[in-house]
Amino acid sequence: MAELFSTRTLGRWLPWLLIVLAALLLPVLLPPFRLNLLGRFLALGIAALGIDLIWGFTGLLSLGQGIFFALGGYALGMHLQLQALQPGQLPEFFSLYGVKALPAFWQPFHSALFTLFAIWLIPALVAGVLGYLVFRNRIKGVYFSILTQAALLVFFNFFNGQQKLINGTNGLKTDTARILGQLAGSDGMQRNLFWLTLVLVIGAFLLCRWLTGGRFGDALIAIRDDEPRLRFTGYNPTAYKTVVFAVAGALAGISGALYTVQSGIVSPQYMAVPFSIEMVIWVAVGGRGTLIGAVLGAVLINYAKSLVSEALPETWLFIQGGLFLLVVTALPDGLVGWWRSGGPGRIRAMVGWPAPAATYPELDLDPAVQAEKTEWQGGGR
Amino acid sequence: MDLFFDTLFNGMAIGSVLVLAALGLAVVFGLMGVINMAHGELMMIGAYTTFVVQNLVKNGPLEFLFPIYILVAIPIAFLVSGLVGLLLEKTVIRRLYGRPLETLLATWGVSLILQQFVRSVSTAFALGLVLAVAVGLLVPRLLPARWGRQRWAPLLDLGRWLLAALLGIGLASLLGGVRVLDQPWFSARNIDVTAPRWLRGSIDLGALNMPVARLFILALTALALLAVVWFLQKSVWGMRIRAVTQNRAMSDCLGIPTERVDALTFLVGSGLAGVAGVAVTLLGSVGPNLGGNYIVDCFMVVVLGGVGKLLGTVVAALGIGILSYVIGSGSLLLVWPAMPSALNALVSFFATTSMAKVLVFALIVLFLQFRPAGLFPQKGRMVEA
Amino acid sequence: MTTAPTTSPGTGATVPPLLELRGVSVSFDGFLALNDLNLRLAPGELRAVIGPNGAGKTTFLDVITGKVRPTSGEVLFRGRSLVGTAEHRIARLGIGRKFQTPRVYENLSPRRNLELAVSRRCSPFDLLFGRLDATARDRVQHLLGVVGLELLAQQPAGGLSHGQKQWLEIAMLVAQDPQLLLVDEPVAGLTDEETERTADLLRQLAGEHTVLVIEHDMEFIRDLQSPVTVLHEGRVLCEGSMDQVQSDPQVIEVYLGRESEGEFK
């Protein structure tokens, strides 16, 4: 029993306990509006995890994740539009533009199964192809960032301009559709979606941890540290970058679908240039290269944004701009990175209140200490 | 034939704005390798400077200047944007040399702040800001010098800026109670600049109709281009800039003040953005979002042209301009009315400004597949280590 | 493709060369970094390449490893042309390269650096689903011992000293187990003692592997007791033992006539 509460085991099961508690208590404690917001922000955390994979670990700063986010959202949005119809009917907006027949690419979205795959597979494929074309030419660094941003603008203009295909700038509404017989916009359904989001965030987190924890993750970090070196070791970085970019695309797609169904609409605004850069700042503030930081950053920043926007809407851009500057100049590893590198201890030391000195049994196992010891013994002989 | 000249002129007109807008970026990105996402906002500042100059001369003693206020606005916009750029370089970008991705994010933050600043700024706001900066900078002088050397000095820094911000916000909201002081200078709405009469008409050349404003922008672009080329190739500081671009360490050793060269390069690049801002006001109303409409296009121009090559920037911008016009106007249909219907449908599909952009950008990405370094790549042994 | 047998300067035996460069030229904007370069390496040979600055030594390695494509000429490895092959494929064929400045993955521990190098299968799929077998893990452990990094095996490699990084990179090269090792200035910035140990290590590696060393340090080259090739202005100036090379009038002119005398002792 005592072992159950030792720091080590505690650290292992406590987070899970907290998550389960949160999942059970939050829907009771929070009013539906707040719960819905939290669900949306958690959904954004999935996209943030993808950005962390490609930027935090692999060093590729994509400013175009909105493409994949919106593609996932549109896939689900199209399905829900069709789902709300009687046989033979067309979604309402088509009549506004005089479209008589459903465009061919809408057809497969009648199927729920197809949609479940399309949500992540289409973004992954688009990301894979786009990534392959770019990485093959060894376009990297800021050039990669600029190109992803340009691609984002292409998609934005396309979706924005095509009323007859996907309702252009107005986007697709999802609230009136039914999911498993329940109205998508109803409180009960939104609570279910919150739980689903929570489960998927955890799933995405575990997936990313698996990806980054082993030798695959080592290879990603090696690409970030010294890509040519890895190439001369016999690895093909293009393959790795394409795979990880596709995974990030898939995560963004899932994130976009969950966000869409919880906010009730998907529109080309999801592909707006500023939104995709905002995603980067979530990861930067939370702590790039730390998976938990990506999720935390997404939730915290968006929560702050909604609070500030309710109270003082004009100041949000100042705060956001300030965050960009702050995180780049003063907090390069983000909040989680700062915490892990002993940030709180440094603050305490500044006010002359350092952590109590203690001896740890682990100290003797520290390689540096052992090295010192062996040197000592060697010298003594 | 008329169609050919019409296309050429309109394409050049679109392209020349791009050249002007991308010129400053080509200088900053090409020569210093700095990604300035706030470049568009520096253009916006140039545009708002034009607006202010116009309002100053519209009525009152300076009214005689009104016919040429645009010409007056050009150097002023250059200076204002240049100085804002200089401030940006001294405070932010300087710390981030050699970290392009961080620079990108930081300058994006700056662009957000500048946008919102233009929307929110009022007299009360400005006074609050002045107070905040003054307090932030002055407090350390009032405190004992040894405090700055204590281990808690970083906390003190944090504290003084928090205090400064609070005082600033306090003053701004206090003054905000007064109607006159609370009036925003520009507000979030778009502003319109009235061009002087001589810039408004158009010149008719047979079937070809050339708006004077477009011709003016073409001339301004040519002039700015010549000035930049002269500055870089012939002036002493231009030579120093090129020297630092090619070999920073060696330039340092030869006594070239590299820090001042950086600052100057940035000032010139930012100033050019300001001039582009003046030109943009002639094309229609402008707003705080102006920068966002240009920044991605500008970067595409620079990347397509080949980083570090002014000629590439010009060719790429004009090429994009002409291509956009050809696709966007659907003028291919006029040349070849008997086009097969499938092709016809395709051409008309892309015959809007935003769809033309889709196709042009797709073509650029395709082009970079074959020439990753752009139209005019940097040659030589400077390959990745 | 078959290649003519060659007489290895080291052994005198007649064997087909492991690596052969035939008339390789590389031009950067008209500047000839390599100019009709011909060179043969026999299997198991240890060869030193020297030459003044700008002689084309690094470009020479770039051509072999696929980083630079020759303007003209052939590069043959085990009789197979390497021209136009991607870098990682060339590495897979059995050519390893150590860079001039030590290049390790700074955010990974030495153990993980070595694990990446020792891996026989390199696709994303293999790294995700495959595990390192026991022999590979033993090899990593052994190599950590050889280069004296056992105690620092878990710390990020960015914290290692310059010499430790050099050694780690050499260990990574060995872990890769290439037939041909290309080593660019392995003792730059090392102490005398470390230099001696490096020379020992490289001599041990030769025989089982073929080793080509580029170096400025003449004492070190002498320690290697290997045949020497002198590059100058992109072509081979002369080949032979250290003593032969040192008394060659052309070499003396190149080094003493145009460069400062300090470099050639």
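Let me start with the contact between chains A and B in this predicted model, to which chain A gives 38 residues and chain B gives 40 residues. On the side of chain A that touches chain B, at least two residues each come from α6 (142-161), α11 (273-286), α13 (315-329) and α15 (343-350) of chain A, and the largest share, 14 residues, is supplied by α6(A). If we sort the residues on that side of chain A by class, we find 26 nonpolar, 11 polar and 1 charged.

Within α8(B), the buried residues are Arg214(B), Ile217(B), Leu218(B), Leu220(B), Thr221(B) and Ala224(B), and the elements covering them include α1 (2-32), β2 (208-211) and α11 (258-281) of chain B.

Finally, chain C. Here helix α3 (residues 110-118) packs against helix α6 (residues 162-176) at an angle of about 30°, with the two axes 7 Å apart; because angles under 35 degrees count as roughly parallel, α3(C) is described as roughly parallel to α6(C). The crossing of α3(C) past α6(C) is right-handed. From α3(C), the contact is made by Pro110(C), Asn113(C), Leu114(C), Ala117(C) and Val118(C), and from α6(C) by Leu168(C), Ala171(C), Met172(C), Ala175(C) and Gln176(C). By class, this contact between α3(C) and α6(C) holds 8 nonpolar and 2 polar residues, with no charged residues.

Methods
Residues numbered from 1 in each chain as written. Chains lettered and ligands numbered in written order. Predicted model: local features only at pLDDT ≥ 70, side-chain atom pairs only at ≥ 80, totals over all residues. Axes fitted to C-alpha atoms, helices over the stretch in contact; angles between N-to-C directions. Helix = DSSP H or I, 4+ residues; strand = E, 2+ residues; numbered from the N terminus. Parallel < 35°, antiparallel > 145°, perpendicular 65-115°, else oblique. Left-handed = near helix turned anticlockwise from the far one by under 90°. Contact = placed C-beta atoms within 7 Å. Nonpolar A, V, L, I, M, F, W, Y, C, P; charged D, E, K, R; others polar. Buried ≥ 20, exposed ≤ 12 C-beta atoms within 10 Å, placed from the backbone.
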